[in-house]
Amino acid sequence: MPDEIEIIMPDKGEVFDIELEEDLLEANRRIAEENKQLLEKHRIRAIDVMGSVGSGKTTLIEKLIGLLKDKYRIAVFGGDVTTTIDAERLRRSGAKTLQINTGKECHLDANLVRKALSKIDLNDIDLLFIENVGNLICPAEFPLGTDTRVVVISVTEGPYTPLKHPYIFMEADVAVINKIDLAEAMGVDVDELEAKIKKVSPDVVVVRASCKTGEGVEKVAKVLGLL
Ligand SMILES: Nc1nc2c(ncn2[C@@H]2O[C@H](COP(=O)(O)OP(=O)(O)OP(=O)(O)O)[C@@H](O)[C@H]2O)c(=O)[nH]1
Ligand SMILES: [Mg+2]
């Protein structure tokens, strides 16, 4: 039997302690800044992977780990509401994995990430992927202290995602259009989808991928400056 996956959860009342502060978002930003400084001090690249439910976040991270595990010492925090399904998958890819369960929150926050950071040896890793909870709204408002934010959308969400959820694209440095192998079946024009992303967020770097086949994953690693 493999070791049990370690689970980080808010202590009873902990979420409310932060909410009692005047400005929840400001409190989150402050802790995110502390996380960022801590990560910088240890020279750790940290990447927040956001996107809707089922867009391919875990698959992308799995593929990136496969590509990069000989070059970097990699850790992953898997954010999810209650399960360890993703953490089990990610651990099989060969990275040190920790699950962060939010309980019922629809996003990770800097406080939970700070807790998770305190559980790993920061001298032992170079690269940290944080899979956020599948959601296109809430994670945008809660930076975690990573140096880079990636949003993964898939063609199976249809052609309107960037217009309906502009904020997550405005927050992201890189947008991955995933499942391009299914574009034709879905009747989604990938050029148009990319144009919509650029319309709401002109500076975001867009990469097309099929994380299932691996197409485009190397390009994602390159634009992240990891290859
Ligand atoms: N056809 C196709 N399927 C894909 C691709 N990427 C991921 N999938 C499939 O899409 C499903 C969801 O992928 P995940 O990687 O679990 O998605 P996720 O964003 O991590 O999902 P949550 O964590 O539940 O939000 C799985 O069945 C994957 O095999 C792709 O490029 N093409
Ligand atoms: Mg996942």
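Predicted model: local features only at pLDDT ≥ 70, side-chain atom pairs only at ≥ 80, totals over all residues.
Residues are numbered from 1 along each chain as its sequence is written, and side-chain values use heavy atoms, with hydrogens and water left out.

**Entry: Met-50**

I looked up Met-50 in strand S2, where strands (E, at least two residues) and helices (H or I, at least four) are DSSP runs numbered from the N terminus. Met-50 counts as buried, because its relative accessibility is 0%. I then listed its contacts, a contact being heavy atoms within 4.5 Å, and, with residues up to four places away in sequence not counted, Met-50 touches Lys-57, Asn-132, Pro-139, Arg-149, Val-150, Val-151, Val-152, Ile-168 and Ala-172. I also checked Phe-169, which is 119 residues from Met-50 in sequence, with the two C-alpha atoms 9.9 Å apart in space.

**Entry: the whole chain**

I counted eleven helices and eight strands in the protein chain. Its C-alpha trace spans about 45 × 40 × 30 Å along the principal axes. I compared the radius of gyration, taken over C-alpha atoms, with the globule rule of 2.2 Å times the number of residues to the power 0.38; for 227 residues a compact globule would come near 17 Å, and the chain's 17 Å agrees with that. Of the 227 residues, 51% are buried. Among contacts with a separation of 6 or more, 74% join residues 24 or more positions apart.

**Entry: Thr-97**

I found Thr-97 in strand S4, residues 96-101, and its relative accessible area of 9% makes it buried. I searched for polar contacts, that is, pairs of N or O atoms within 3.5 Å, where within protein one must be able to donate a hydrogen and the other to accept it, and residues adjacent in sequence count only if both atoms are side-chain atoms. A polar atom of the Thr-97 side chain lies 2.9 Å from the backbone oxygen of Ala-95, and one lies 3.4 Å from the backbone nitrogen of Arg-91. Beyond its neighbours within four places in sequence, Thr-97 is in contact with Val-76, Ala-87, Leu-90 and Arg-91.

**Entry: helix H5**

I saw that helix H5, residues 110-117, is mostly covered, with seven of its eight residues buried, including Asn-111 and Lys-115. At its start, a side-chain oxygen of Asp-109 comes to within 3.0 Å of the backbone nitrogen of Asn-111.

Where do Arg-43 and Lys-179 sit? Arg-43 is in the loop between helix H2 (24-41) and strand S2 (45-51), whereas Lys-179 is in the loop between strand S7 (174-178) and helix H9 (183-186). I recorded a phi near 55° for Arg-43 and about 65° for Lys-179, which is not a glycine. Most residues other than glycine have a negative phi. Arg-43 is exposed, with a relative accessible area of 74%, while Lys-179 is partly exposed at 23%.

Key: Chains lettered and ligands numbered in written order. Buried < 20%, exposed > 50% of the residue type's maximum accessible area, 1.4 Å probe, protein only.
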